[in-house]
Amino acid sequence: MYTTLRGWLDHLQRTGRLSVAEPGLPLRHTVAGLANRLAGDSATLFPRPGGHTMPIVAGLLGGRTWISEAMGVPPADVPTRYGKACAEPRPVREVTGAPCQEVVRRDVDLERQLPIPTHNELDSGAYITAGLLITRGPAGQNVSIHRLQVSGPDRLGALLLPRHTFALFGERERAGQDLEVAIVIGVDPLTLLASQAIVPLGHDELEIAGALRGEDLPVTRCVTSDLLVPAEAEIVLEGRLLAGERAPEGPFGEFPQYYGPRADRHVIAVDAITHRAEPIYHTIVGGGLEHLLLGAVPREASFLAQLRRMFPCVRDVHLSMGGTCRYHLYVQIDDHSPGEAKNVVLGALALHYDVKHVTVVDADVDVHDPSDVEWAVATRFQADQDLLVVSGAQGSRLDPSTADGVGARMGLDATVPAGAAPGEYTRIRVPGEAELEPSALATAAPGRWQEKIR
Ligand code: MN
């Protein structure tokens, strides 16, 4: 089990998936560009980026198999294991003398103290992108990742989409109070994955991290608040979401491969920075592979668990890359009753406002292969009978085709119609094809292939 960022880097290095960049690469675009080019093949360490002594790491999760390795299960078991961790969280364990507080600084100057890169072309500037934002509400702590624009030496502009942090801050702001936050940078892969769980407000994602690793997550109390942060983290920013304050934030390159526009958004004041003696700064390139995968895998797990509770016929789900790992959900069902596929569509659309288009397929279709799903739509779907459209629904505000987050949601029932004649939908196959050994039965044709066929 990899319980620290450093332990995970050791594992990647041992398995040939850790690159080290030339020292001193520029923070503006070059770090993101090289990280993108190597994403999926290796994580990348950047020594002395932009002249900073603190190194950067990017690309910690480069594929679905990397995630299953971090979780210590075969790829097919990832959703079940993750869903179990969400259902059976483990309490955190408070410790003192935490590595993340080896150095405590109250003189905050973000861009001088941290190597914060600028990622995409039209980004408004440097952004903290891999910060786990921890807050506390009446029902406990909450963790989520928000894009954080560096707006001043101790100021961050934050995009809070309408979920948990937004709700917790709204409650405090209406009472005229700031909300204390901690922003945790550089955690182990399981804590990173846990931060993306789709669970109800009041469920502490750090307790899901503990369940994923199979032991209580060590946490420590912040130096300026009572928030509990992962003790083994590299860097922690402590501060407050400011009541009544909004300031321009954006544009910023996001997972849909577009820029989230500039607008007046929430503001965080940073009061202190704590970190390890020689910390490593983690960045997630906006819209890059790691950003997409972090959206997909935890969501798939949460969605599968929720859909199975509603519909025992649900077997598997997949958020496709082409759907930016958020907008296109494929659902595989088996042994379903007439009309049930359409109910599955309705349930799936309610899971999360990001789920824009749902496609439901039968058990003989591989939901992890977008071509196979397209085949089912091509051959089992009739738009006048199998299409569901809901207008004017809440969707993703980062989807530029919506009207500020309000748009249409769609479901496609691409299952074999109830009452189809036997044999009408039998998929062609060559018996024994999968069992043949091509290398034993055929070789590359020689220069004189004509001789070989006599
Ligand atoms: Mn939450």
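Reply: What follows takes those topics in turn.

Reply: This is a predicted model, in which local features need pLDDT of at least 70 and side-chain atom pairs count only at pLDDT 80 or more, while totals for chains, interfaces and linings use all residues. Residues are numbered from 1 along each chain as its sequence is written, and side-chain values use heavy atoms, with hydrogens and water left out.

Me: Which residues coordinate the manganese ion?

Reply: Asn142 through OD1, His164 through ND1 and Glu205 through OE, at 2.1 to 2.2 Å. Donors here are N, O and S atoms within 2.8 Å of the metal (3.2 Å for Na, K and Ca); water is not among the atoms, so sites may look incomplete.

Me: What spacing do the donors follow along the chain?

Reply: The spacing is N-x21-H-x40-E. His164 lies in helix H6 (residues 164–174) and Glu205 in helix H8 (residues 205–213), so this pair ties together parts 41 residues apart in sequence. Helices (H or I, at least four residues) and strands (E, at least two) are DSSP runs, numbered from the N terminus.

Me: Are His164 and Glu205 buried or exposed?

Reply: Both His164 and Glu205 are buried. Buried means under 20% relative accessible area, exposed over 50%, and partly exposed in between (1.4 Å probe, protein chains only).

Me: Now the open sheet of four strands. What is its order?

Reply: The order is S1-S2-S3-S18, with mixed pairing. Two strands pair if DSSP finds at least two bridges between them. The edge strands, each pairing on one side only, are S1 (18–20) and S18 (281–283). Neighbouring strands are turned by 25° against each other on average, direction ignored.

Me: In which sense do S1 and S2 pair, parallel or antiparallel?

Reply: Parallel, over three bridges, with S2 covering residues 43–46. Leu18 stands opposite Ala43 in S2.

Me: Which helix lies across S1, S2 and S3?

Reply: Helix H2 (residues 30–38), running at about 155° to S2. Axes are lines fitted to C-alpha atoms, for helices over the stretch in contact (heavy atoms within 4.5 Å). Angles run from 0 to 180 degrees between N-to-C directions.

Me: Last topic. How many salt bridges does the count come to?

Reply: The count is 29 salt bridges, each a side-chain nitrogen of Lys or Arg within 4 Å of a carboxyl oxygen of Asp or Glu. One of them joins Arg299 and Asp354, with the closest N and O atoms 2.8 Å apart. That pair links helix H9 (residues 289–310) to the loop between H10 (340–349) and strand S21 (357–361), 55 residues apart. Arg299 and Asp354 are both buried.

Me: How far apart are the closest N and O atoms of Asp334 and Arg315?

Reply: 3.9 Å. Asp334 is partly exposed, with a relative accessible area of 27%, and Arg315 is partly exposed at 33%.

Me: And where do Arg380 and Asp362 sit?

Reply: Arg380 is in helix H11 (residues 370–380) and Asp362 in the loop between S21 and H11. Their side chains meet in a salt bridge (3.3 Å, N to O), and both residues are buried. Elsewhere, salt bridges that share partners join Arg6, Glu232, Glu234 and Arg276 into one network.
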